[in-house]
Amino acid sequence: MEPSVPNPLSLDLYDQPGHLIRRAQQIAAQLFREVLGPDVTPVQYAILRMLQESPGIDQVTLARLVALDNSTTADIAARLEIKGWIHRELLPRRQRRLSLTPEGEAMLAAFVPNVHELRKRMLSALEPEEQMEFKRLLRKFVQLHDAAEVGEQATVTSGK
């Protein structure tokens with residue numbers, strides 16, 4: 001007798017991790033726009049915050065730290081430079097060093113109260129212990145998958 005294969009149509013959509021992660025990201029992006037406005041996207045904000053934490057890093061390192069490909073990071077950096085929020089300095093071998101401008105620093109400083117409000121709105125439906133556990137599990141999920149991705153890349157580049 002063959003083992004029974006579950007019917008994928010009988011699975012509850014809201015029990016599927018991929019769907020829940022996608023919905024959570026949609027909700028987070030919507031709240032981000034509501035609280036922080038249309039002038040900066042969540043990905044632009046991540047890039048700006050990383051530059052604030054690591055001034056003068058190169059574009060390839062920045063891409064890796066914010067989990068973007070190099071060309072997307074370059075496109076976003078060019079847009080942020082046009083807005084006057086970052087400075088891109090050309091280095092040898094066509095690499096670029098990135099840093100915040102005073103305008104970029106001021107914009108991030110002005111966002112601080114809104115970022116606190118965003119965090120509060122995102123997590124307010126959860127009890128304090130649930131908030132901590134939710135963030136812990138999200139970090140673990142991302143870190144485990146990031147580590148697996150790095151391992152896969154090392155295997156590809158080593159030819160194994």
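User: With which residues is V66 in contact, leaving aside its neighbours within four places in sequence?

Analyst: In this predicted model, V66 is in contact with A46, I47 and M50 once neighbours within four places in sequence are set aside, where contact means heavy atoms within 4.5 Å. V66 sits in the loop between α3 and α4 (70–82); helices here are DSSP runs of H or I with at least four residues, strands are E runs of at least two, and both are numbered from the N terminus.

Some ground rules apply throughout: residues are numbered from 1 along each chain as its sequence is written, and side-chain values use heavy atoms, with hydrogens and water left out. As this is a predicted model, local features need pLDDT of at least 70 and side-chain atom pairs count only at pLDDT 80 or more, whereas totals for chains, interfaces and linings use all residues.

User: Why does V66 count as buried?

Analyst: The relative accessibility of V66 is 18%, and the label buried applies under 20% relative accessible area, with exposed over 50% and partly exposed in between (1.4 Å probe, protein chains only); V66 therefore counts as buried. A67 is found in the loop between α3 and α4 as well, but A67 has 61% relative accessibility and so counts as exposed. The phi angle of A67 is near 60 degrees, a positive value in a residue other than glycine.

User: What makes Q44 buried, and which residues is Q44 in contact with?

Analyst: Q44, in helix α2, has a relative accessibility of 6%, so Q44 counts as buried. Leaving aside neighbours within four places in sequence, Q44 is in contact with D39, I76, R79, L80 and K83. Between V66 and Q44 there are 22 residues in sequence and 10.0 Å in space, C-alpha to C-alpha.

User: Why is the pair of Y45 and F111 called tilted?

Analyst: Rings of Phe, Tyr and Trp (its six-membered ring) pair if their centres lie within 6.5 Å, and planes under 30 degrees apart count as stacked, over 60 as edge-to-face and the rest as tilted. The ring centres of Y45 and F111 are 6.4 Å apart and their planes stand at 35 degrees, so the pair is tilted. This pair links distant parts of the chain, with Y45 in helix α2 and F111 in helix α5, 66 residues apart. Both residues carry the label buried, Y45 at 16% relative accessibility and F111 at 10% relative accessible area. The rule gives two aromatic pairs, and ring pairs link F32, Y45 and F111 into a cluster.

User: Why is V115 described as partly exposed?

Analyst: V115, found in helix α5, has a relative accessible area of 24%, so V115 is partly exposed. Not counting residues up to four places away in sequence, V115 touches L36 and Y45. The C-alpha atoms of V115 and F32 are separated by 8.5 Å, although these residues are 83 residues apart along the chain.

User: What lines the largest pocket, and what is its volume?

Analyst: A pocket is an open set of points on a 1 Å grid over the protein atoms alone, with protein on both sides within 12 Å along at least five of seven lines, and lining residues have an atom within 4 Å of a point. Grid points are joined across faces, edges and corners, and a volume is the space filled by probe spheres set on the points; for the largest pocket this comes to about 2,200 Å³. Its lining holds 40 residues, of which Q25, A28, M122, L138 and V142 lie nearest the centre. The largest share of the lining, eleven residues, comes from α1.

User: How confident is the predictor in the protein chain?

Analyst: The average pLDDT, the predictor's confidence in each residue from 0 to 100, is 88 for the protein chain, and 87% of the residues score at least 70. Confidence is lowest in α6, at a mean of 80, and highest in α2, at 96. Over residues 156–160 pLDDT stays under 50, and the model has one contact beyond four places in sequence for them.

Technical notes. 1 Å grid on protein atoms, 1.4 Å probe; cavity = no way out; pocket = protein on both sides within 12 Å on 5 of 7 lines; lining within 4 Å.
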